[in-house]
2 protein chains.
Amino acid sequence: MNIHAKRIKDLQYMLKQNGLDALVMGRTLEIGFLTGFHLDGCAMVVSRSGAWVFMPKMLLEHFRSKVDFVTAVAPAGAMEAAALARVKELKLKRAAFEPEAETYVRGTAWRKAGLLEKDGLTGALRAVKEGEEIEVLRKSCRIAAKAFGIVKPRIKTGCTELSIYRELEDTMQAMGAKGPSFNLIVGFGPNSAMPHHETSERKLKNNEAVLLDYGCVYGNYCSDMTRSYFHGKPTEEYKKVHSAVAASQKAGLAKVRAGVKARDVDAACRNYISDAGYGQYFIHGTGHGIGLEIHEFPRLNTTFEAVLRAGMAVTVEPGIYLHGKFGVRIEDSVLVTKTGCEILTKTA
Amino acid sequence: MNIHAKRIKDLQYMLKQNGLDALVMGRTLEIGFLTGFHLDGCAMVVSRSGAWVFMPKMLLEHFRSKVDFVTAVAPAGAMEAAALARVKELKLKRAAFEPEAETYVRGTAWRKAGLLEKDGLTGALRAVKEGEEIEVLRKSCRIAAKAFGIVKPRIKTGCTELSIYRELEDTMQAMGAKGPSFNLIVGFGPNSAMPHHETSERKLKNNEAVLLDYGCVYGNYCSDMTRSYFHGKPTEEYKKVHSAVAASQKAGLAKVRAGVKARDVDAACRNYISDAGYGQYFIHGTGHGIGLEIHEFPRLNTTFEAVLRAGMAVTVEPGIYLHGKFGVRIEDSVLVTKTGCEILTKTA
């Protein structure tokens, strides 16, 4: 069975398990996940026994040429209204929508039409990767990892952060990536101390920290990794911080396994950095799920409640940021397995 | 005065005009427009006399290094809750949020906290471009227009749509663009007949239609243009369709002027194509605003109510699509002026 047809079947099973008659969706991400057709401006209804996508006339032929396991409908009016009409027509009494996937305007219209709120159905399907999507994600990560080996030797005194941004992007695209998976971060010197630094025209000087946080989209799947190193002769402080982060990440990776709580991975990383005396400089969570989105379920931080499952793909990325001086973050994308994890962004 | 400080002042004036005490925002786009700081995970409150941005600790130093005209606050909890607490603390009774800018979860929280719904405040500010942003948008469009002259000679029999996608992207990036402004469309042969075709590995054959719908992001501003031509010796039908679209676009451009209704521009394009006998094949609206987003206020179609104003930037893009054969769309980005429009994506 086609992977998308299978996902719809899985969703239909979840509807039954949750006592729902249908799920109504308006966001491209969920509709794309269920159909393989990632275009804006559609709405979708999945009942226990059927699936319909409502779309503007101009997309209809295109959709039909690609998807044959759901019914495509091009109504005259708004797609949301058409979806609601279908729910009414089929008397799907317990129809729901996912609050976290909706805009305020659309979600409000659906709530007012009597749809129920139920989060986490498609999110749970998306979190556990299976079949061909694992291979696609592996390739996305492999492209990113390879790019590090190619681009690092080109990072020389005098080059700008933006020029390295472009080198990373071009290198990954030459290997088949569609583009970067987010606003890549290239930080030199003190810029490396800002976790969300906006890559700039700043030039690299001798003896400075370098931080590259990047990844690509390949076949709609996002990779994410960070490498930090010192350009020149590292100071004692840099060496100390770098080894603390490296050991912290190692401790986190060692913790990842199906059945482990997401926040226990965070704790493993965080405890190590706290013990090294840098606790107050680790100012973000340890990681997040990756997939069709660069940030998705689950989060790995101090508060998020989730248990890792085999097939989940997450990042492990502790960091220490000394404002005005430098920052170090080490991040890999990994696939959770029954016995541990497969590091997808391994570099030499 | 700094352009961002001015925008906040303009918004404060609008609050007064609309009898509101404050606007509360949670989306990066609006906060970025008002502060110049485009990072996710913040919330903002603008009252008639003050402005506050709430952000996680890890962004604080970065924000402060760039923005000195609003008060940045990094609370422990969620940013939305912190924004609501500020509204309460300052007794801002008539505080509103913009439904169209919000997610369902955030908007619902704000509605439940008693905030009013008021759309179109920041949208109206964003629609009319002024000062340096016009120059940035001009440059974004100029980069796109220049890329056509550079890439077109490289489009040869046997090359794939995706290879041309990459050529366009690389060429625009070499001129300073950050990246493409949307999923660029390169369509060869029958693929050109799908308005939202997903660029593929399909190779160009002799004597086929070519359609390039593309643009870039430069300094956060999006350009958008489409060129259609025949690779080889055009058929009589292609020639007829192409000249109908070209004349339709010309008629639309001639209509654009401050004070004209957006839908009159659509009518000018649509009437021409209908008169030529292709009315049923023009299956989308005539255009849309461009700026920080690739699609923003206003829309140029049969139903959208808006009057063009000097400083608005919109696209004019009629098309005719003959399914299974070919499609032709011709699109330019233009700046509305008092007496007509400035075509920003002019090519030779």
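Author: Arg111(A) lies in helix α5 (residues 104–112) of chain A; helices (H or I, at least four residues) and strands (E, at least two) are DSSP runs, numbered from the N terminus. This is a predicted model, in which local features need pLDDT of at least 70, side-chain atom pairs count only at pLDDT 80 or more, and totals for chains, interfaces and linings use all residues. Residues are numbered from 1 along each chain as its sequence is written, and chains are lettered from A and ligands numbered from 1 in the order in which they are written.

Reader: Why does Arg111(A) count as partly exposed?

Author: A residue is buried if 20 or more other C-beta atoms lie within 10 Å of its own, exposed if 12 or fewer, and partly exposed in between, with C-beta atoms placed from the backbone. Arg111(A) has 16 C-beta neighbours inside 10 Å, and therefore counts as partly exposed.

Reader: What makes β4 and β6 of chain A edge strands?

Author: In chain A, 6 strands form an open sheet of mixed pairing, in the order β4-β3-β2-β1-β5-β6. Strands β4 (71–73) and β6 (116–117) of chain A each pair on one side only; two strands pair if DSSP finds at least two bridges between them.

Reader: How many bridges join strands β2 and β3 of chain A?

Author: Strand β2 (residues 43–47) and strand β3 (residues 51–54) of chain A pair over 4 bridges, in the antiparallel sense. Val46(A) stands opposite Ala51(A) in β3(A).
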